[in-house]
Amino acid sequence: MDFLAVHLTGSLSEKTEVPRMGEIARVNNIDVWWEDFGERSNTTILLIMGANANALYWDQKFIDELVKNNYHVVIFDNRDVGKSTWFNKEPLLAKLGKFVPVSVSRKLVSYAFKSLVNDDGNFEMPEGKGAKYDLNDMARDAIGLMDYLEINKAHIVGASMGGMITQVIGLDYPDRVLSLTPIMSSPGVGDSSLSGVAPSLVEGMEEMFLLNIQGKFLDGVVRMYKALSGSRFPFDEVNFREQAELYMRHGHNAYAGHGDAVGASGSRIDRLAEIKAPTLVIHGTEDPILPLDHGMALADNIPGAKKFIMDGVGHEMPEALMPEIINEMLGLFRTAEQQTGG
């Protein structure tokens, strides 16, 4: 069960699907769908999306603004979502739920979540249990794509689970990194020293899973992302539904194994001091799935890390704050490039 997705708010003037110009690369023994923007001779920014969300969830206005500032931007579908290779399919609980009344399904899902989330709101994720891959594999996918595209170094930006992958890259592939920007991320889910998920979010997670069992995948995504939003910017359900419907056509795996991969990877908090790349931590004060202390643990343990805290913001990147977010990121990028001469 995977809930470390990201809510990137934007706007669509028309409900029309924009043709994608992406390609498939064979890297790390899997197919990885990717697309790039801007001049390839410019310095690259590699964007890594969060769990259960394909690459199209990156706001196009966000990408365009980075390109306007003379960067080459690469997005890609993580394994198990979008048009990249899928590993996980419908679990037994979901299959069983189709053949029993909704009231029984609700009880089954509630029981399953009681074993998934403890009384403190922390995910119970025994290392390696049920995981077909981990974050190390996903980091190798990203590095393999950089090799395929002949990109020596890049600014690595990751949202939620993608921010965890950026940490792995910063730790294990430091020579490929210009800078790191983990957004609404964590050094490790299940760490008892960090806050657990909000009770309201657990309710949203249960409802999403029930909707998935009923085949109402879009409704499930809308319900979950609404639960991830903070109080400062009201959740625009109509606009988000239109966007999500388009993105899901690109490839939506409701049962991707990303959560298992996170659980199988353990905590990186004791290794964060090894990260040498300039780092910017971006986090919301009302994040219900990875509360603020998860982001602060990154900022406090990565040497020299800067932080940009978004008041009243949940697990999201509100469009209204994009100018500030981009300004902070550009400052980091330029500092890193001055240090490396890149």
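Tutor: Asn212 has its place in helix α6, which spans residues 199-213; helices (H or I, at least four residues) and strands (E, at least two) are DSSP runs, numbered from the N terminus. The model is a predicted one, in which local features need pLDDT of at least 70 and side-chain atom pairs count only at pLDDT 80 or more, while totals for chains, interfaces and linings use all residues. Residues are numbered from 1 along each chain as its sequence is written, and side-chain values use heavy atoms, with hydrogens and water left out.

Asn212 is buried, with a relative accessible area of 5%, where buried means under 20% relative accessible area, exposed over 50%, and partly exposed in between (1.4 Å probe, protein chains only). Not counting residues up to four places away in sequence, Asn212 touches Phe217, Gly220, Ala254 and Tyr255, a contact being heavy atoms within 4.5 Å. Of these, Ala254 is 42 residues from Asn212 in sequence, yet the two C-alpha atoms are 7.2 Å apart in space.

Ala254 leads on to Asn52, whose side chain reaches the backbone oxygen of Ala254 at 3.4 Å. Such a polar contact is a pair of N or O atoms within 3.5 Å; within protein, one must be able to donate a hydrogen and the other to accept it, and residues adjacent in sequence count only if both atoms are side-chain atoms. Asn52 lies in the loop between β4 (44-48) and α1 (60-68), and with a relative accessible area of 12% it is buried.

Another loop residue, Asp77, sits between β5 (72-76) and α2 (92-97). Asp77 is buried yet has no salt bridge, and the nearest side chain of opposite charge, that of Lys83, is 7.0 Å away. Here a salt bridge is a side-chain nitrogen of Lys or Arg within 4 Å of a carboxyl oxygen of Asp or Glu, and Lys and Arg count as positive and Asp and Glu as negative, with His and the chain ends not counted. The side chain of Asp77 does reach the backbone nitrogen of Lys83 at 2.8 Å, and it makes a polar contact of 2.7 Å with the side chain of His250. Leaving aside neighbours within four places in sequence, the residues in contact with Asp77 include Val32, Trp33, Asn54 and Ser84.

Val222 is buried, with a relative accessible area of 3%, and beyond four places in sequence it is in contact with Phe235, Glu237, Phe240 and Arg241. Its C-alpha is 9.9 Å from that of Gly204, a residue 18 places away in sequence.

Helix α9 (residues 258-265) is largely enclosed by the rest of the structure, because six of its eight residues are buried. These buried residues, His258, Gly259, Ala261, Val262, Gly263 and Ala264, pack against α4 (135-148) and α5 (161-172). After α9 comes Gly266, whose phi is positive, near 70°.

As for confidence, pLDDT, the predictor's confidence in each residue from 0 to 100, averages 88 over the protein, and 84% of the residues score at least 70. It stays under 50 over residues 1-7, for which the model has 52 contacts beyond four places in sequence. Where pLDDT is low, the predicted coordinates should not be read in detail.
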